[in-house]
Amino acid sequence: MTQQAERTRRIPLSRDRVLTAAVVLADKVGIEALSMRRLALELGVVPMALYKHVANKEELLDGMVDALVSEIDPPARDAGWKDAVRLRVLSARRALLRHPWARQVLESRTNKTPAVLGYMDSFIGMFLAGGFSVDLTHHVMHALGSRMWGFTQELFPEPAGGTAEGTADLPPEVQAAMFREMAERYPNILKVATSSAHEDSVVGQGCDDQFEFEFALDLLLEGFERLHRQHWTSMPKKTSTPAKP
């Protein structure tokens, strides 16, 4: 046994240590390859030792989501509601991009842990603190959906320009024939899917995916602001009852 492995084995096992190791391992090998046995091997313990800290793999995944939540910045102080929401969503997205497994695990969770509920509660609190009604906030949260976690389902799963990249190994004449067929049968899809004129994003080096995420987020926030100023409500307006003669 190497000195590093011996030192690792001697560090007392704890729930935090198990979850930290699980996150690191999932980052390295992917969520599909993560197992209790492999995690135990990484920690230098027998698999049964893990079950003192997490009951099963589902609880391990819940804990990994909690670890992800801990990486998201708290609401910015002394900021208006729009800036606070935008900053927090982009912080969630940065955390998500650091961990390629995170989106898949988030989408699979049916159990909302206290950490997840706390994040959702404080997220709602940013709108309420900004003067939003409970009614409008309810609909705002539905509109945001998974965007509050930093992701959304993309219309085009491949990056812009991906069609050309996927056919790069084909002979030029085959590529030309494929694009001609696309242009004839689906001209509008081809125009949009191959468009990639985007500037750098506010989060590091921007890519099409990041640009589109922020573009949609800003549209939503501007729409929320407009409805808030108009004192919008989903409740039907009451009509006055004519007085009886």
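Predicted model: local features only at pLDDT ≥ 70, side-chain atom pairs only at ≥ 80, totals over all residues.
**Whole chain.** Trace the chain along the sequence, and the pattern reads α-α-α-α-α-α-α-α-α-α-α-α-α. Of the 245 residues, 32% count as buried. Now think about contacts between residues at least 6 apart in sequence: 69% of them join residues at least 24 apart.

**Stop 1: helix α6.** Select residues 81–98, which form α6. This helix has 18 residues. From first C-alpha to last, α6 reaches 26 Å, close to the 26 Å expected at 1.5 Å a residue. Which residues of α6 are buried? Show side chains for W81, A84, V85, R86, R88, V89, L90, S91, A92, R93, A95 and L96. Those are the buried ones.

**Stop 2: α6 with α8.** Now display the side chains where they meet. From α6, pick W81, A84, V85, R88, V89 and A92. From α8, pick Y119, S122, F123, M126 and F127. Colour them by type: the residues of this contact divide into 9 nonpolar, 1 polar and 1 charged.

**Stop 3: the largest nonpolar core.** How many residues does the largest nonpolar core have? It has 51. Select L39, L60, M64, F123, F127 and W149, the residues with the most contacts inside this core. α2, α3, α5, α6, α7, α8, α9 and α13 each supply at least two residues. Which helix gives the most? α6 does, with 8 residues.

**Stop 4: L39.** Centre the view on L39. Set aside its neighbours within four places in sequence. L39 is then in contact with V18, A21, A22, L25, L34, L50 and L60.

**Stop 5: α2 with α5.** Select 15–29 for α2 and 57–70 for α5. Their axes come within 9 Å and cross at roughly 85°. That makes α2 roughly perpendicular to α5. Show R15, V18, L19, A22, V23 and A26 on α2. Across from them on α5, show E59, L60, G63, M64 and A67. The residues of this contact divide into 8 nonpolar, 1 polar and 2 charged.

**Last look.** Keep L60 selected. L60 is among the α5 residues that meet α2, it is in contact with L39, and it is one of the core residues with the most contacts.

Key. Residues numbered from 1 in each chain as written. Heavy atoms only, no water. Axes fitted to C-alpha atoms, helices over the stretch in contact; angles between N-to-C directions. Helix = DSSP H or I, 4+ residues; strand = E, 2+ residues; numbered from the N terminus. Contact = heavy atoms within 4.5 Å. Nonpolar A, V, L, I, M, F, W, Y, C, P; charged D, E, K, R; others polar. Expected span 1.5 Å × (residues − 1). Buried < 20%, exposed > 50% of the residue type's maximum accessible area, 1.4 Å probe, protein only. Core = buried A, V, L, I, M, F, W, Y, C linked by side-chain atoms within 4.5 Å. Parallel < 35°, antiparallel > 145°, perpendicular 65-115°, else oblique.
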